[in-house]
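This report describes selected features of one protein structure, shown below. It treats pockets, a strand pair and a single side chain in turn.

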Amino acid sequence: MEGTTQGDPVAMAIYALGLSLLQDVISYEKTHVKQVAYADDLIGDGKITDLKKWWTLVNDNGPIIGYTPNATKSVLIVKPEYYDNGVQLFNGSGVIVTKDGQRHLGAVIGTEEFKVKYVGEKVSEWVKEVDVLSDMAKTEPHAAYSAFTHGLQHRWSFVKRTIPGISLLLIPLENSIRNTFLPALLRSHIIGDNERALLTLPPRLGGMGITSPERLAD
């Protein structure tokens, strides 16, 4: 279960300090909920009944120290067989209950189907951006290369590190890089396996640092 607050960036530092007081009240020893906090985001994991108790304690004690939970941005992720129980327990709380999944800090938590859908949408977006750089590379190859290596390819680094088992889902992105971007950048119609492997190496080793998202994901 993920909860978040409403607040401006300046208040986040205060939330981080105040949250330590709140966590004394909602600790695992008292709630049997495993939890982690990042700035004003609070995440808990456990049985639904324990999460309900945890959520009640957060609502009762959070505002006292300036931490106001926002139920409309809070999500309870449950296994399909516990969905009805979750809806019943959190009825009227404003918390969103889902059996599919939810984006979390740039990654995703949920079912395999939700993961595939989420990553697929990301890949489609990145492929379009690679296509834009490919057009740029035809007239401004150095600018396109810099934009790719120092900017664009880092867009999918976090996803690769935080979502397991997505190598196959990144194949369309690798195909776009290999078959569209690199030929435009290098004025070459065919990029063989050896050339592609060389180009993934950093410049200090004779490559160009244009990594393969498919190969690096695992």
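## The second largest pocket

Gln153, His154, Ser157, Lys160, Arg161, Thr211, Leu216 and Ala217 line the second largest pocket of this predicted model. A pocket here is an open set of points on a 1 Å grid over the protein atoms alone, where a 1.4 Å probe fits, with protein on both sides within 12 Å along at least five of seven lines; lining residues have an atom within 4 Å of a point. Two elements, α7 (157–162) and α10 (213–217), each give two or more residues to this lining. The largest share, three residues, is from α7. Helices are DSSP runs of H or I with at least four residues and strands are runs of E with at least two, numbered from the N terminus.

The volume of this second largest pocket is about 160 Å³, a volume being the space filled by probe spheres set on the points, which are joined across faces, edges and corners. By residue class, its lining has two nonpolar, four polar and two charged members. Ala, Val, Leu, Ile, Met, Phe, Trp, Tyr, Cys and Pro count as nonpolar, Asp, Glu, Lys and Arg as charged, and the others, Gly among them, as polar.

## The basis of the model

The model is predicted: local features need pLDDT of at least 70, side-chain atom pairs count only at pLDDT 80 or more, and totals for chains, interfaces and linings use all residues. Residues are numbered from 1 along each chain as its sequence is written, and side-chain values use heavy atoms, leaving out hydrogens and water.

## The largest pocket

The largest pocket has a volume of about 470 Å³. Among its 20 lining residues, Asp45, Gly46, Leu51, Ile77 and Val78 are the closest to its centre. Two or more residues come from each of β3, α3 (48–61), β4 (75–77) and β6 (101–104). The lining comprises 10 nonpolar, six polar and four charged residues.

## A strand pair

Strands β2 (residues 34–38) and β3 (residues 41–45) pair in the antiparallel sense over five bridges; pairing requires at least two bridges found by DSSP. Aspartate 45 in β3 is the bridge partner of lysine 34. The two strands form a hairpin with two residues between them, and alanine 39 in the turn has a positive phi of about 55°.

## Arginine 196

Helix α9 (residues 193–200) contains arginine 196. This residue counts as buried because its relative accessibility is 4%, buried meaning under 20% relative accessible area with a 1.4 Å probe and protein chains only. The side chains of arginine 196 and glutamate 174 are joined by a polar contact of 2.9 Å, that is, a pair of N or O atoms within 3.5 Å, one able to donate a hydrogen and the other to accept it, where residues adjacent in sequence count only if both atoms are side-chain atoms. The arginine 196 side chain also reaches the backbone oxygen of isoleucine 210 at 2.8 Å.

Note on methods. Buried means under 20% relative accessible area, exposed over 50%, partly exposed in between (1.4 Å probe, protein chains only).
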